[in-house]
Structures are given as structure tokens and as C-alpha cells.
Amino acid sequence: MIAGKDLSLRLGEKPVLRQVSLTVEAGCFYGIIGPNGGGKSTLLRLLSGVLAPDSGSVQIEGREATDYPRKELARKLAALPQEGVDAPGFTVREVLLMGRYPYQGWFGTEENDPTPLLEQVMERLALHELADREIDALSGGERQRVALGKTMLQEPRILLLDEPTTFLDIGHQVELMDYIREWQSASAQPLTVVAVLHDLNLAAQYCDRLLLLNQGIAEGEGTPQELLEADRIERVYGTRPLVLPHPVSGVPQLLLSSRHASSTP
């Protein structure tokens, strides 16, 4: 579905990515993790075709990402930014329908009526009560739900997420990630998700596979169980966690402690 081979990129004099390779299979929930400044968001932009690498290649369904016309690529791939949707003055319904742009002709019309899909998405994301409210009046969690709904209206086969939970509290973080997982399960065709995530516990809970980046170099790739080891986390992040299995899912979860923590209450 998505294959990046030997990707390298410099921004000015600074090397941002160095010989990074990855393969994301159709239907996978793939997480990109690592410290700040490690090249995660840049890698996501290469995978989206927005940036071209200095060397190496990105292929989407066997074709170079940068070879796709933008509208054709938008019918395959959608991106959900961390800040949600920024469309002041537009209602929720209007913003959702912006997701239909890749299918519209010169006059903003399309061959098939999008109303049934719009209703389905609003029902799934509990947006009916917000449909006529302007985006400016919504909370951060509501705006991110609308942004997700817009990408769902786009009907992509690939969804790219750039730190989508950054501005959300823990309840809305779980809600958003659950919506995406449910979308994957309900899709008639495989939905592939590639997400840049800061929260390692959230990444372990939702991702099938992880890529760990540090200073533009791939430090490892594999399942959460394979990748989230105390030694590797200490080497990359500079702090040693206690790694325990989640009591329900069994995936690794990280507990952190201060260097000055006391063993007495």
C-alpha cells in the first residue's frame, strides 16, 4: 500500500531524515514515534507526496507519490492535522462537505448525491446536533471530530494523522482513536492509517506496528511488544521506564518516575 525506501532529506544544511525505509500494508494502523525533532512529521509529509525526498522514493499503491495529480491523490489519501479544522464562518455541515472536493467538477457538483454518506458520517460521529453551528463556536474535541468527519467524507483508502490528539484531553484522545479504529473495522475496503504519535502508551494501545525515529534515523520497527523495550526507550529518550503489560489488552504500557522520586510516601 505505502512503501518508503532509503528516504533522505535535508532542510537547508540540516539532515532531517537519513536512509529511512518502511512498508505499510493495507489495513494496518501504523504508528511513527520518537523524540521531538526526530523527523516524524517530515516523514509523514514525504508519505503524503507534499514533499519530495532528496534521495529514495515513496510509492503509493505501486506508483510514485509525487507523480499523482493532487485531485487523484486526494481520492486515495486524506490527512488529519493536529489542530483540527480551521474554517471560520462555515457551519459543521459545510465543512464536512468540503471533504467531497476530490469528486467535484468545475461547478462544485458531483455525479452522485453525497447526502446519504453525509448523514452516515454525522450519525457515526454524533454531529447531527452540531450540523448548523459554526466551527468557531466548537470546543477542541468537537472541532477534531468535525475534521475527522471531513476526511471520512473524502472516502480515502489511506489516512495520515499528524499528532491528532495533541490538543485533546485524555477522554477525547481515546474517543478520537476509537472512532478511527471503528472506521477501519466498518470500511468496505481496507483503510490504512499512518499516525505520528507522541504518547507511547496510546501508540501501543492502537497501533499494529511502530517505527521509532531518532534524529532522522530509524531506531527500530515492529509490533509494540517488540519495539517498546526499556533499554531502547532509555537509549532514545534518555529516561528509563518501567514497562508492564496492559491488564486488559496485554500491550506494553510505560510507567515513568522522576529521578528524585522517593520510595516512601
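Visitor: With which residue does arginine 157 form a salt bridge?

Guide: In this predicted model, the closest N and O atoms of the pair are 2.9 Å apart, and a salt bridge requires such atoms within 4 Å. The pair links distant parts of the chain, 96 residues apart. Arginine 157 lies in the loop between helix 5 (140–153) and strand 7 (158–162), and its partner lies in the loop between strand 4 (55–60) and strand 5 (63–64). That partner is glutamate 61.

Visitor: Is glutamate 61 buried, partly exposed or exposed?

Guide: Buried means under 20% relative accessible area and exposed means over 50%. Glutamate 61 has a relative accessibility of 35%, so it counts as partly exposed.

Visitor: Which residues are linked with Lys76 in a network of salt bridges?

Guide: Glutamate 61 is already known as a salt-bridge partner of arginine 157. Both belong to the network that includes Lys76, and the residues asked for are Glu61 and Arg157.

Visitor: How many residues apart in sequence are the parts that aspartate 208 and arginine 181 tie together?

Guide: Aspartate 208 forms a salt bridge with arginine 181, and their closest N and O atoms are 2.9 Å apart. Aspartate 208 lies in the loop between helix 7 (200–206) and strand 9 (209–214), whereas arginine 181 lies in helix 6 (residues 170–186), so the parts tied together are separated in sequence by 27 residues.

Visitor: Is arginine 232 buried or exposed?

Guide: Arginine 232 forms a salt bridge with glutamate 229, with the closest N and O atoms 3.2 Å apart. Glutamate 229 is partly exposed, at 39% relative accessible area. Since the limit for burial is under 20%, arginine 232, at 17%, counts as buried.

Visitor: Over the ring of which residue does the charged end of lysine 71 sit?

Guide: The charged end of arginine 63 sits over the ring of tyrosine 68, 4.3 Å from its centre. For lysine 71, the charged end is 4.5 Å from the centre of the ring, which belongs to tyrosine 101.

Visitor: What is the relative accessibility of leucine 96?

Guide: Leucine 96 lies in helix 3 (residues 92–97). Beyond its neighbours within four places in sequence, leucine 96 is in contact with residues including Leu118, Met122 and Val146. Leucine 96 counts as buried, with a relative accessibility of 0%.

Technical notes:
Residues are numbered from 1 along each chain as its sequence is written. This is a predicted model: local features need pLDDT of at least 70, side-chain atom pairs count only at pLDDT 80 or more; totals for chains, interfaces and linings use all residues. Side-chain values use heavy atoms; hydrogens and water are left out. A charge sits over a ring if NZ of Lys or CZ of Arg is within 6 Å of the ring centre and within 35 degrees of the ring normal. Helices (H or I, at least four residues) and strands (E, at least two) are DSSP runs, numbered from the N terminus. Buried means under 20% relative accessible area, exposed over 50%, partly exposed in between (1.4 Å probe, protein chains only). Contact means heavy atoms within 4.5 Å. A salt bridge is a side-chain nitrogen of Lys or Arg within 4 Å of a carboxyl oxygen of Asp or Glu.
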